[in-house]
Amino acid sequence: MRMTFCFLFIIFNTLCFAQNEFQPEGSTIIESVDGDLDGDKNPEKVIIYNTKDTTDLGNIREIQILKNVNGKWTILEKSTNAILESNGGRMMGDPYQDTQIQKGVLMITQAGGSSWKWGYTDKYRFQNGHFELIGYESTYGKPEEYFASVDFNLSTGQLSYEKEVENTAEYGKSKKETFVKKGLKINLQNRNQRDERKITLPKTKEDIYF
């Protein structure tokens, strides 16, 4: 019993040290998630911080992925560009929803808006030495107007778009389109840019921003 307690005590202190060692000054932890992200069957630690630095959209968020190598925690990757600021959800406030790890994939969900609401999930895989965006799922719309959904597999390039229209007088008929768009290189470092990325679908002429 005493050995078990000592082991758990060591593990707890090791994790606390990992958080304290790399935590940005003046920041608070929003969420911490554990899971294997690089395929070595050892769990990494993902920590989301609310930093003291601000923009006109509120506090900047920082994501850190920590890896334990021979009992010592190191930063596998970190970024202040993957998660929106604290008021990035506009009227809905904080856009951050959650972070999950499923089958080695890092999934970050964010949402916001007002009467028109939006939400999306980014899916990252550790490859080529960093976390690359391999999937993007989003919804956008307003009741009694329309709702649009996007499922974009960046690995294959296949993008599926669907727009369910209720207010056909203003927005026309509902639409669907599948399109292949390859070559986009997006990762934790360049995810959210000042100018949104845009894809215009060739048949429906719908614009997709992400």
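Predicted model: local features only at pLDDT ≥ 70, side-chain atom pairs only at ≥ 80, totals over all residues.
Student: How much space lies in the largest pocket, and which residues are the closest to its centre?

Tutor: The space comes to about 1200 Å³. The lining of the largest pocket has 35 residues, and Trp-118, Tyr-120, Glu-196, Tyr-209 and Phe-210 are the closest to the centre.

Student: How do I read the pairing of strands in a sheet?

Tutor: Strands of a sheet pair through backbone hydrogen bonds, and the pairing is either parallel or antiparallel. Here, take S7 (residues 117–127) and S8 (residues 130–142): they run antiparallel and are joined by 11 bridges.

Student: What lies between S7 and S8?

Tutor: Two residues, in a hairpin. Asn-128 in that turn has a positive phi of about 55 degrees.

Student: How many bridges join S8 to S9?

Tutor: Eight, and S8 and S9 (residues 146–153) run antiparallel. Thr-139 stands opposite Ser-149 in S9. The hairpin of S8 and S9 has three residues between the strands, and Glu-144 takes a positive phi near 75 degrees.

Student: What is the order of the strands in the open sheet of four strands?

Tutor: The order is S1-S2-S3-S4, with antiparallel pairing. S1 (28–35) and S4 (72–79) are the edge strands; each has a single partner strand, so one side of each has no neighbour in the sheet. On average, neighbouring strands of this sheet are turned by 30 degrees against each other, direction ignored.

Student: Which residue in S3 is the bridge partner of Ile-48?

Tutor: Ile-63. The two strands concerned, S2 (residues 44–55) and S3 (residues 58–69), run antiparallel and are joined by eight bridges.

Student: Where do the side chains of a regular strand point?

Tutor: In a regular strand they alternate between the two faces of the sheet. For an individual residue, its accessibility can then be checked. Val-105 lies in strand S6 (residues 105–113), and at 9% relative accessibility Val-105 counts as buried. Val-105 and Ser-155 are 50 residues apart in sequence, with their C-alpha atoms 13 Å apart in space.

Student: By what is a pair of aromatic rings described?

Tutor: By the distance of the centres and the angle of the planes. The count for this model is 10 aromatic pairs. In one of them, the rings of Phe-126 and Phe-131 have centres 5.0 Å apart and planes at 55 degrees, so the pair is tilted.

Student: Are Phe-126 and Phe-131 buried or exposed?

Tutor: Phe-126 is partly exposed at 24% relative accessibility, whereas Phe-131 is buried at 0%.

Student: Why does the pair of Tyr-140 and Tyr-146 count as tilted?

Tutor: The planes of Tyr-140 and Tyr-146 are at 55 degrees, so the pair is tilted; the centres are 6.3 Å apart. Tyr-140 is partly exposed, with a relative accessible area of 34%, while Tyr-146 is buried at 13%.

Student: Which residue lies over the face of Tyr-146?

Tutor: Lys-163, at 4.3 Å from the ring centre.

Student: Which residues do ring pairs link into a cluster?

Tutor: Trp-118, Tyr-120, Tyr-136, Phe-152 and Phe-210. Among the residues closest to the centre of the largest pocket are Trp-118, Tyr-120 and Phe-210.

Student: Where is the place of Asp-195?

Tutor: Asp-195 is in the loop between strand S11 (175–180) and strand S12 (198–200). With a relative accessible area of 59%, Asp-195 is exposed. Asp-195 and Phe-210 are 15 residues apart in sequence and 9.6 Å apart in space, C-alpha to C-alpha.

Key
Residues numbered from 1 in each chain as written. Heavy atoms only, no water. Pairing = 2+ DSSP bridges. Axes fitted to C-alpha atoms, helices over the stretch in contact; angles between N-to-C directions. Phe/Tyr/Trp six-rings, centres within 6.5 Å; stacked < 30°, edge-to-face > 60°. Buried < 20%, exposed > 50% of the residue type's maximum accessible area, 1.4 Å probe, protein only. Lys NZ or Arg CZ within 6 Å of the ring centre and 35° of its normal. 1 Å grid on protein atoms, 1.4 Å probe; cavity = no way out; pocket = protein on both sides within 12 Å on 5 of 7 lines; lining within 4 Å. Points joined across faces, edges and corners; volume = space filled by probe spheres on them.
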